[in-house]
Amino acid sequence: MILDVGFETMPREDLEQVQMRRLQATLERAYYNVPFYRAQFDKNSILPSDIKSIADLQKLPFTAKQDLRDNYPFGMFAVPMDNVVRIHASSGTTGKPTVVGYTARDIRTWSELMARALAAGGATRGDIIHNAYGYGLFTGGLGVHYGAEKLGASVIPVSGGNTKRQIVLMKDFGPTILTATPSYALHLSEAALEMGESFEHFKFKFGIFGAEPWSEKMRGELEEKLFLTAVDIYGLSEVMGPGVAMECHEAKKGLHIFEDHFIPEIINPDTGEVLPYGETGELVFTSITKEAFPVIRYRTRDITSLNPEPCICGRTHIRMNRVSGRTDDMLIIRGVNVFPSQIESVLMEFKGIEPHYQLIVDRKDNLDVLTVLVEVGEKLFSDEVKVLQDEERNISKNIKEYLGVSATVRLVEPKSIARSEGKAVRVIDHRKI
Ligand code: DLL
């Protein structure tokens, strides 16, 4: 269902006018209220009024995560703290967290966008949403929560963890929409089976999965194991939280970016050059309605491409393809670039393999060594050692063939790789330790 027909199906010429008006207001707000942005403009001898078209955005420098860190905790806020009603933070793997703030109006905007996103993913006001994204500083739990209430659906604020209780609630309350990271969703299906239950007997229709990269193969796996339609939701704290972009369940082919609030660009991550539609690179966002925490040309580090083709759902907003990884998740193994999601795609080709894996990288005798640990299902595990060894060799061969990198594959016991209740940890890189 299209919740906001006016904006979501707006002809692109009109949309561009809306964007331009909102962009101008954002640039003014940033320039006059955030010393960092003012310095950036001044350094380039630009005034907000010099930006007269969307293309002019390219005259402005990028904003990077480090800039947010340098202004920790509240230095990037464009309103006085009196007007900030909510703070979130994303922890990241190194250093201080990135802190973001919202005014009351920002929270309303976010709730509306999340309501739109849930509707695009198949939710209606008649649905019961089992929200297993973590509540707290992470934007997932509260983002979905406010959107669900705005939509008028019933939300179960279960958060991540306490997995057995989640299964009991699913059985008793009969929720129809599951919101969780894809890795936690798989873990839930496993836990249900262990408890003698099955998602087959639950009432879920749609699963709205995001917050970490997942492959098309993983979609198949989730749909099969959870008996629902799986759709992709994208967002990041710096730009707002979940609900920056959302896949429509009608097409399930890329995520519509809510362009009346965010302007996307794709750049070459090495040179900063803006790339045309269809080319893969780093996603960059400019927010055009946020009050407390505007971002101008923010480098997300997420790798994707933009698809301007019209969509069968009727939305006119451009689609971004599934995020294949982050520039900082990319492993360089003996000079070859590898994303965990590419390994995932190879693994998922094999029958009897479970979608639980971990990549261990180390350096031996000055050479990078990649070991792929992957769980096998009970059935394959009970086979003879030789069968398992053959399978390890076959997977390794395919990784070499498709990705050009040598990897030692080790099939490990069912359930031996740690499960996450939020974002899965796919890579352990001992070279960095
Ligand atoms: O993960 C917001 C979110 C919550 C999105 C719930 C979707 C659902 P952060 O913790 O700031 O915010 O992490 C943002 O997670 O830059 C991506 O690298 C990754 N990410 C988020 N959604 C997807 C997705 C939330 N659908 C970072 N596919 C982003 C791939 C995703 N990666």
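Biologist: Is Arg297 buried or exposed?

Modeller: This is a predicted model, and the label comes from computed area. Buried means under 20% relative accessible area. Arg297 has a relative accessible area of 2%, so Arg297 is buried.

Biologist: Where does Arg297 lie?

Modeller: Look in the loop between β11 (281-287) and β12 (298-304). Check the backbone there too. Phi of Arg297 is near 50°. That is a positive value in a residue other than glycine.

Biologist: Which phi value does Phe227 have?

Modeller: Phi of Phe227 is near 55°. Phe227 is not a glycine either, and the value is positive. Find Phe227 in the loop between α9 (216-226) and β7.

Biologist: Now peptide bonds. What is the omega of the bond from Tyr72 to Pro73?

Modeller: Omega is near -5°, and the bond is cis. Pro73 sits in the loop between α4 (65-70) and β1.

Biologist: Which residues form a nonpolar patch on the surface?

Modeller: A patch needs residues with over 30% relative accessible area. Here Phe74, Met81 and Ile87 form one. Together they have about 240 Å² of accessible area. Take Ile87 as a case. Ile87 is at 33% relative accessibility, so Ile87 counts as partly exposed. Its place is in strand β1 (residues 86-90).

Biologist: On to the ligand. How many residues surround the ligand?

Modeller: Here a residue counts if one of its heavy atoms lies within 4 Å. The ligand is surrounded by 21 residues. The closest are Asp232, Ile233, Ser237, Asp302 and Lys423. By type, the shell holds nine nonpolar, six polar and six charged residues.

Biologist: What lies 2.6 Å from a nitrogen atom of the ligand?

Modeller: A backbone N or O atom of Ile233 does. Ala211 also puts a backbone N or O atom 3.0 Å from a ligand nitrogen. For Glu212, a polar backbone atom is 3.3 Å from a nitrogen atom of the ligand.

Biologist: How much of the ligand's area does the protein bury?

Modeller: Start with the ligand alone, which exposes 600 Å². The protein buries 94% of that.

Biologist: Which elements give two or more residues to the shell around the ligand?

Modeller: Those are α6 (139-151) and β7 (229-236). β7 gives the most, with five residues.

Technical notes
Residues are numbered from 1 along each chain as its sequence is written. This is a predicted model: local features need pLDDT of at least 70, side-chain atom pairs count only at pLDDT 80 or more; totals for chains, interfaces and linings use all residues. Side-chain values use heavy atoms; hydrogens and water are left out. Patches are made of residues with over 30% relative accessible area and no salt bridge: like charges are joined within 9 Å, nonpolar side chains (Val, Leu, Ile, Met, Phe, Trp, Tyr) within 5 Å. Accessible areas come from the Shrake-Rupley method with a 1.4 Å probe; for residues, only the protein chains shown count as cover. A salt bridge is a side-chain nitrogen of Lys or Arg within 4 Å of a carboxyl oxygen of Asp or Glu. Helices (H or I, at least four residues) and strands (E, at least two) are DSSP runs, numbered from the N terminus. Buried means under 20% relative accessible area, exposed over 50%, partly exposed in between (1.4 Å probe, protein chains only). A polar contact is a pair of N or O atoms within 3.5 Å; within protein, one must be able to donate a hydrogen and the other to accept it, and residues adjacent in sequence count only if both atoms are side-chain atoms. Ala, Val, Leu, Ile, Met, Phe, Trp, Tyr, Cys and Pro count as nonpolar, Asp, Glu, Lys and Arg as charged, and the others, Gly among them, as polar.
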